[in-house]
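Here is a quick tour of a few spots worth looking at. Open up the structure and follow along.

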Amino acid sequence: MNIQYHETTKTFHLYNDSISYLMTILKNGHLGQLYFGKRIRDREDFSYLLEQCPRPMTACVYDTDRTFSLEHIRQEYPVFGTTDYRQPAVEIRQQNGSRLCDLTYRSHTVTSGKPRLAGLPATYTEADDEAKTLCITLEDTVTGIQADLSYTIFAKGGVLARNVRFANNGAHSVQLTRAMSLCLDLPDHEYIWQQLSGCWARECHIHTRTLEPGVQSIGSMRGHSSHEHNPFLVLKRKTTDERQGEAIGVSLVYSGNFRIQAETDAHGTLRILAGIDPETFTWKLDCKQTFQTPEAVLAYTDKGLNHLSQTFQKLYQRRLARGFWRDRPRPILNNNWEATYFDFTEDRLIEIAAKAKECGVELFVLDDGWFGARSSDNAGLGDWKPNKDRLPNGITGLARRIEALGMKFGLWFEPEMTNKDSDLYRAHPDWILSTPQRSQSQGRNQYVLDFSRAEVVDAIYAQMADLLNSASISYIKWDMNRSITECYSSAWPADQQGEIYHRYILGVYSLYERLTSKFPNVLFESCASGGGRFDPGMLYYAPQGWISDNSDAVERLKIQYGTSMCYPVSSMGTHVSVTPNHQVFRNTPLHTRANVAYFGTFGYELDLNKLTPQESEEVRKQITFMKQYREVLQYGTFYRLKSPFDNNEAAWMTVSSDQKTALVGWYRILNCVNGCFTRLRLEGLCPDYRYRNSRTGLFHYGDELMYAGLITSDETAGQLPPDITPYTDFESRVYVLEVMDA
């Protein structure tokens with residue numbers, strides 16, 4: 001790992017064992033992009049990578065040089081309105097109405113480690129030798145605006161973390177109307193674009209398209225990262241697959257409105273921009289004030305999509321998630337929501353919890369309906385005090401009874417919302433986001449609290465902290481069930497209303513930071529009607545998230561497969577739920593529901609009392625299995641083997657760090673007869689180790705399993721014999737492969 005600056009050629013070279021990143025100071029003082037990709041040897045002069053020539057219809061920076069047009073030069077942080085007609089990384093509206101700026105090189109520093117971002121989530125280091133950070137200071141001499149471009153290269157992995165900090169050192173305030181976190185100009189556009197998109201109950205489906213001339217983008221203007229598009233992008237070469245080939249990944253560590261876009265110009269070059277959505281953002285930057293963009297994480301591999309995903313997964317698991325639960329196996333839980341919804345009493349909850357404990361569950365979670373005047377979704381949000389009609393002993397008494405059973409206790413909150421039928425709203429009707437003299441939209445009968453205001457965040461913190469101080473609560477499920485509309489705050493002047501979306505997210509982050517600091521041993525799980533805010537920003541505060549309200553095992557194959565493109569298995573909330581499933585009304589076998597949910601945090605979303613004795617015994621065995629292997633399942637190296645988007649079968653696997661244990665999940669969606677013989681080529685095993693297959697008792701060397709494959713054929717390859725238990729749709733297996741004699 002090193003950061004070199006070659007003075008004679010004004011070239012920066014950031015590199016480690018995996019990647020190189022090259023920039024240069026252009027003759028107009030702007031920064032030019034030279035190379036990003038596989039590690040190359042350092043040298044003094046890489047100027048040949050900066051290609052220039054005169055072109056028709058080109059505006060040039062200098063009268064005497066027809067080759068120097070920013071329209072045809074790859075740049076690091078392009079500005080609006082000069083000789084570059086492509087989408088810029090920054091726009092600054094000044095008092096005279098101009099949006100032109102000229103950010104030129106002033107200085108740079110190199111430091112060990114990685115500075116924290118004030119008020120924002122970001123990757124981090126625990127020792128200075130884990131990373132180095134280059135900060136390049138650019139300045140616009142007319143306005144006095146300073147931009148500090150930060151680049152952190154980690155010692156291990158093909159990862160570069162980037163952000164930008166603006167400071168107004170001038171005599172007048174300005175408006176930032178665009179402040180992207182990352183620009184990457186690439187010399188060609190011969191990539192396939194992959195995104196994670198969907199909607200409620202089918203989040204993070206993988207969608208693929210070919211880049212064409214013009215702008216293609218994903219983003220959100222909903223006030224949160226959204227179910228529709230995850231803030232993540234893959235650019236892969238046409239021949240790249242899970243096992244081999246080049247790919248670039250872009251991930252934004254942010255939970256609010258965002259945009260990630262690709263612009264292909266007429267000459268085949270490609271510009272990637274990532275950051276806060278510019279359509280819903282302005283920021284008044286007064287004199288002596290600063291503005292910090294969110295962090296963008298850039299990754300490269302030449303070893304296929306699994307390797308790219310593992311790069312993000314390892315970084316986010318160890319150096320984005322934080323705290324007590326970061327490295328610990330997650331407790332197996334039982335959530336009461338789909339078991340009771342709002343219809344429960346304290347004794348009913350204890351009845352459900354007692355059965356869960358009998359089966360081996362470690363954590364019981366009380367979901368919505370425990371507070372205020374809450375008996376439906378029409379009332380109570382914002383009044384975070386127990387409903388004594390339902391819980392006569394309060395949360396303190398209920399938690400005590402749960403712990404007396406031998407389990408930990410968890411609780412649901414939705415701290416960012418209120419109902420109009422609540423004491424909070426009646427006392428503070430101006431605390432919701434709403435525009436004067438305009439109608440107020442509602443979703444799920446609720447309204448969004450104005451978290452851009454410190455007093456609102458303080459009031460919610462006080463209620464939550466009082467409850468956490470008074471009751472033994474080990475887990476919090478933090479939900480958020482509607483998007484922002486009428487985004488106006490009565491606390492801010494007219495020229496700062498463009499800041500409210502971002503200030504809202506900063507308020508969410510500040511509440512998370514205060515609670516996780518005050519109660520460091522509490523496990524937080526983020527939720528936003530499922531995956532509506534499942535993003536890296538949330539992972540910084542909550543090491544796991546509820547990836548979807550759709551708990552159907554078949555649908556979860558696609559959701560979990562897609563989510564694994566960027567996120568670690570330890571971050572994915574996965575539950576076994578009742579059948580018929582409450583979202584798609586599908587009946588799936590109990591073992592398949594568990595076989596999917598094993599590859600996540602694992603829990604149950606049902607009343608175990610309603611199972612048959614045989615099913616209860618199966619649940620006990622599932623929990624025993626999960627406890628035995630959950631460290632490998634949650635913290636092993638994860639590989640996607642067969643995509644549910646393309647096949648009737650799906651498969652994935654995880655391998656322990658010592659390569660002595662592997663678990664393979666295999667899933668057949670629809671049954672067949674007289675079908676094909678099937679096998680899986682596995683990944684990540686040690687070729688020289690002998691692995692015992694738990695299902696067959698046979699031993700195989702790792703090279704056999706990786707190159708010849710694991711046989712998954714069953715009797716459906718022919719005519720099903722009459723003397724075996726018939727297979728059905730939605731069949732699945734988990735193969736345990738363990739080294740007996742390494």
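Gln659 is partly exposed, with a relative accessible area of 29% (buried is under 20%, exposed is over 50%, and partly exposed is in between, using a 1.4 Å probe and protein chains only). You'll find Gln659 in the loop between strand 33 (649-655) and strand 34 (661-668). Its phi is positive, about 65°, even though Gln659 isn't a glycine. Most residues other than glycine have a negative phi.

Arg444 has a positive phi too, near 55°. Arg444 sits in the loop between helix 5 (423-427) and strand 25 (447-448), and is partly exposed at 28% relative accessible area.

## Where this comes from

This is a predicted model, where local features need pLDDT of at least 70, side-chain atom pairs count only at pLDDT 80 or more, and totals for chains, interfaces and linings use all residues. Residues are numbered from 1 along each chain as its sequence is written, and side-chain values use heavy atoms, leaving out hydrogens and water.

Helices (H or I, at least four residues) and strands (E, at least two) are DSSP runs, numbered from the N terminus.

## A cis peptide bond

Thr579 and Pro580 are joined by a cis peptide bond, with omega at about -5°. Look for Pro580 in the loop between strand 30 (575-577) and helix 10 (590-597).

## Two helices side by side

Helix 3 (residues 346-359) packs against helix 4 (residues 394-404) at an angle of about 25°, and their axes are 10 Å apart. Axes here are lines fitted to C-alpha atoms, for helices over the stretch in contact, and angles run from 0 to 180 degrees between N-to-C directions.
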